[in-house]
Amino acid sequence: MEFNNFLKKQLNGIKDKNLYRKRYILPADIIDFSSNDYLGLKDNPETKEKLCKKIKNLALGSGASTLISGYTETQKQLEEELAKFKETESCLVVGSGYLANTGLIQAITSEKDIIFSDELNHASIIDGIRLSKAKRVIYKHNDLNDLEDKLKREQTTGFRFIITDGVFSMEGDIVPFDHLKTLADRYNAVIIVDDAHATGVIGEGKGTVFHFGLKPDENIIQMGTLSKAIGSYGAFICGSRTLIDYLINRMRTQIFSTALSPVQNFISLSNLKILQKEPFRREKILKLSEYLYRQAKEKGINLTYYGTPILTLIVGEEKKALYIRDKLLKRKLFVQAIRPPTVPQGTSRLRITISYKHTENDINYLVNSLKEILENYDG
Ligand SMILES: Cc1ncc(COP(=O)(O)O)c(C=O)c1O
């Protein structure tokens with residue numbers, strides 16, 4: 001009783017600060033500008049048809065973790081295809097991006113090591129660092145001068161790791177990976193790059209390393225998700241054969257967690273192949289993203305835009321972000337209001353994502369609606 005009252009009070013505090021969150025089931029007729037289904041693959045008819053034909057021969061669950069008896073032919077095939085796609089020796093598929101980051105960071109770091117982490121990295125990276133015994137050093141967002149100062153200052157007898165999002169999930173900007181790699185080589189650091197939002201989108205769809213014309217090497221660990229542009233569920237870590245072998249033996253979130261279902265792996269593999277053979281999907285979203293930026297600018301709305309399908313309207317106050325979201329919803333447009341702790345205090349925003357399913361008309365409707373709503377907002 002007392003505990004429930006405590007929770008109620010906490011919730012009231014969250015509501016008072018305009019930070020209360022609830023889940024939405026979006027009606028079919030709404031235009032969703034918040035999904036990470038960038039390439040429109042989450043209900044791809046080709047994959048659905050293939051799955052219908054195959055389903056009788058697929059187990060619905062994996063039944064155990066991979067080290068017990070849950071490793072399946074579908075996971076093996078998916079790992080091989082991902083390693084080829086990411087041009088690495090090997091790949092490990094795991095349950096989700098959250099499990100990938102938390103498990104990876106904890107598994108490969110020790111108390112002698114130092115982790116250098118961008119201040120705007122995803123929560124799963126932050127939590128992975130919390131689970132690690134290594135020293136944590138935060139550098140300013142995409143600020144390589146600050147990173148270099150810290151690399152110079154922090155001495156260790158262990159290893160150095162630099163961890164960064166490839167495309168930042170709530171900003172949409174891209175890490176300057178070429179310069180980061182130069183720094184990493186100079187200071188003998190291993191890079192972990194989280195390509196959750198880069199996979200399928202930049203570098204011809206292959207992610208951040210390729211966007212900068214670089215090639216993977218054994219000091220780059222590429223992590224990515226299967227749940228965003230690939231339109232399925234799960235995640236992967238690509239790197240050297242030795243790294244993957246080590247993770248199979250030491251990464252707690254994959255050792256002590258049931259393997260993905262063969263059905264899910266089948267969907268991931270099919271969509272990954274479509275992503276590679278249909279580059280027009282990626283080309284369309286990049287064009288539409290620029291179109292949105294220009295249309296908004298013409299109407300006096302300044303969106304942040306960095307050449308990716310994540311654009312933001314930073315409004316600062318939570319109340320204003322909620323007001324805009326709710327008014328858009330009434331017009332059958334969904335743009336989620338992103339508030340702390342997902343983004344820093346004072347930077348609440350509307351995060352707009354572009355999908356292959358959108359049209360120029362959808363974007364015109366969004367921009368016109370935003371203009372009217374902003375004009376009518378009186379604080
Ligand atoms: C940058 C980044 N990393 C990791 C994740 C976690 O991935 P998952 O949703 O598969 O747990 C997300 C989003 O969910 C993300 O945006």
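A residue is near a molecule or strand if its C-beta atom, placed from the backbone, lies within 6 Å of it. Of the 14 residues around the ligand, those that come nearest are Ser96, Gly97, His122, Ser169 and Ala196. The model is predicted, and local features need pLDDT of at least 70, while side-chain atom pairs count only at pLDDT 80 or more and totals for chains, interfaces and linings use all residues. Residues are numbered from 1 along each chain as its sequence is written.

**Ligand shell**

- Helix H5 (residues 97-108) gives the largest share of the shell around the ligand, 3 residues; helices (H or I, at least four residues) and strands (E, at least two) are DSSP runs, numbered from the N terminus.
- By class, the shell around the ligand holds 3 nonpolar, 9 polar and 2 charged residues, where Ala, Val, Leu, Ile, Met, Phe, Trp, Tyr, Cys and Pro count as nonpolar, Asp, Glu, Lys and Arg as charged, and the others, Gly among them, as polar.

**Domains**

- The domain assignment of the protein chain gives domain 1 (20-40 + 279-376) and domain 2 (65-277), with bounds that come from an automatic or database domain assignment.
- The centres of domain 1 and domain 2, taken over C-alpha atoms, are separated by 27 Å.
- The contact between them takes 17 residues from domain 1 and 15 residues from domain 2, two residues being in contact if their C-beta atoms, placed from the backbone, lie within 7 Å.
- On the side of domain 1 that touches domain 2, the elements that give two or more residues are helix H13 (279-298) and E9, and E9 provides the largest share, 3 residues.
- The residues of that side of domain 1 divide into 9 nonpolar, 5 polar and 3 charged.

**Seven-stranded sheet**

- An open sheet of 7 strands with mixed pairing has the order E2-E8-E7-E6-E5-E3-E4, where two strands pair if DSSP finds at least two bridges between them.
- Its edge strands, each of which pairs on one side only, are strand E2 (90-94) and strand E4 (135-139).
- E2 pairs with strand E8 (residues 235-239) in the antiparallel sense over 5 bridges, and valine 94 stands opposite alanine 235 in E8.
- Helix H4 (residues 73-85) packs on this sheet, touching E2 and E8, and its direction makes about 130 degrees with that of E2; axes are lines fitted to C-alpha atoms, for helices over the stretch in contact, and angles run from 0 to 180 degrees between N-to-C directions.

**Helices H7 and H8**

- The axes of helix H7 (residues 144-153) and helix H8 (residues 177-186) come within 11 Å and cross at roughly 10 degrees.
- H7 and H8 are therefore roughly parallel to each other, a term that covers angles under 35 degrees.
- Leu144, Leu147, Glu148 and Leu151 of H7 make the contact with His179, Leu180 and Leu183 of H8.
- H8 also lies across strand E5 (160-165) and strand E6 (189-194), running at about 155 degrees to E6.

- An open sheet of 3 strands has the order E9-E12-E11 and antiparallel pairing, and E9 and strand E12 (residues 348-353) pair over 6 bridges.
- The bridge partner of isoleucine 314 in E12 is arginine 349.
- The peptide bond from proline 340 to proline 341 is cis, with omega near 10 degrees, and proline 341 has its place in the loop between E11 and E12.
- Asparagine 18, although not a glycine, has a positive phi of about 60 degrees.

Terms used
Parallel < 35°, antiparallel > 145°, perpendicular 65-115°, else oblique.
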